[in-house]
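Here's a quick briefing on a ligand site and the domains around it. Have a look at the model first, then read on.

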Amino acid sequence: MTANAFVAVFGGAPEGVWAAPGRVNLIGEHTDYNDGLVLPFALPNTILAAVARRTDGRLRLHSSAAPGAVVELTVGDLKPGRGDGWADYPSGVVWALREAGHAVGGADIHYDSTVPTGAGLSSSAALEVVTALALGDLHGLALERPVLAELCRRAENLYAGAPTGIMDQTASACCTEGHALHLDIRDGAQRLVPCDLAAAGLRLLVVDTRVEHDHSTGAYGARRAGCEAGAAALGVRTLREVPFDGLAAALDRLPDEHARRLVRHVVTENRRVEQVLALLDAGKIHEIGAVLTAGHASLRDDFQVSCPELDLVVDTANEAGALGARMTGGGFGGSAIVLAEARRADTVAEAVTDAFRSAGHRAPRIFAAAPSAGARRLR
Ligand code: GLA
């Protein structure tokens, strides 16, 4: 389908088709840019790219989300801050590859996506990763996945101007089916953690509140800057250097309540990642729900990146019998995850939909997601 659409838009045939998934994060939020711990898994939802190289240095980008509107750029003209809308993500990847010394030229690319945009499910990372993987393969660059993820982060931070961490690009590039990916950002260590929800009789629901967020706007960057200021006040390089058992002493040394809240969230969130990991490793997957809900409370009350719709999902799901729930991703809208016993999942989903209707919110989009494959070549 994606190859056919490429032919319809560009005339010739693509050289191949690649896929990269969106992600949810099980736990470990706003920890990545603090050198902390995260535990995302890949969604079944992907962005597909059909790609053919060009020899004239032109980059032509087309998305089925904007049919007929081909974005045409010249590779040699790419520079940060151009403001080409969605095309900034793939053209930022071309820019980052070239900045890293790779001789990447022009290309025609057609994209199809089943990753909702603006939903906190990392559609921008999927767009970056699928582009980098395709161009890396076609140019024989043999990029290791963590290196590819880092190039994509540079595209997002420096070219598209969103000051995010590395979690989303790494999840899209490095996850595998049936596993969550434990990533320790401080040393880059990765571990695939078996996470078979169905075998445990569980279902994970993704609830897209349809409140759109955008991390290139100020609130995300303000949290990041607040964390960096907190680390500076404590005389450490990053908040990762604050151990959980040193938290009370660290809080005493901070100048104000705002700084204390940010630091408390990050330090306790790293601890929650360790708790969830220990439970998964012990086969006690049912017991992670309470930790997820505690993580939501911390994001809502201390880090203050939730919103009424996300809180409504979490409260309603838990009242309706879920094992736990939390917002996932950067927040300020976007999606929540809900962990429920499979036999209760439909009831929980209905309760959330009803609560949104009663509150006068737009109907949420709810779907079940199992840990899925990372980025790959399809043909
Ligand atoms: C967004 C960013 C990530 C991470 C999360 C919050 O998804 O892209 O790098 O900071 O927010 O955990």
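A polar side-chain atom of D168 sits 2.6 Å from an oxygen atom of the ligand, a polar contact (a pair of N or O atoms within 3.5 Å). Keep in mind that this is a predicted model, where local features need pLDDT of at least 70, side-chain atom pairs count only at pLDDT 80 or more, and totals for chains, interfaces and linings use all residues. Numbering runs from 1 along each chain as its sequence is written, and side-chain values use heavy atoms, leaving out hydrogens and water.

- For Y220, a polar side-chain atom is 2.5 Å from a ligand oxygen.
- E29 has a side-chain N or O atom 2.7 Å from an oxygen of the ligand.
- On its own the ligand exposes 310 Å², and the protein buries 98% of that (accessible areas by the Shrake-Rupley method with a 1.4 Å probe).
- There are 13 residues around the ligand, and E29, H30, D32, D168 and Y220 come nearest (a residue is near if one of its heavy atoms lies within 4 Å).
- That shell holds three nonpolar, six polar and four charged residues, with Asp, Glu, Lys and Arg counted as charged.

**Domains**
- The domain assignment gives domain 1 (2–194) and domain 2 (198–369).
- Their contact takes 36 residues from domain 1 and 47 residues from domain 2 (contact means heavy atoms within 4.5 Å).
- The C-alpha centres of domain 1 and domain 2 are 25 Å apart.
- The ligand lies between the two domains because both give residues to its shell.

Definitions and conventions: Polar contact = N/O pair within 3.5 Å; in protein donor to acceptor, adjacent residues only side chain to side chain. Domains from an automatic or database assignment.
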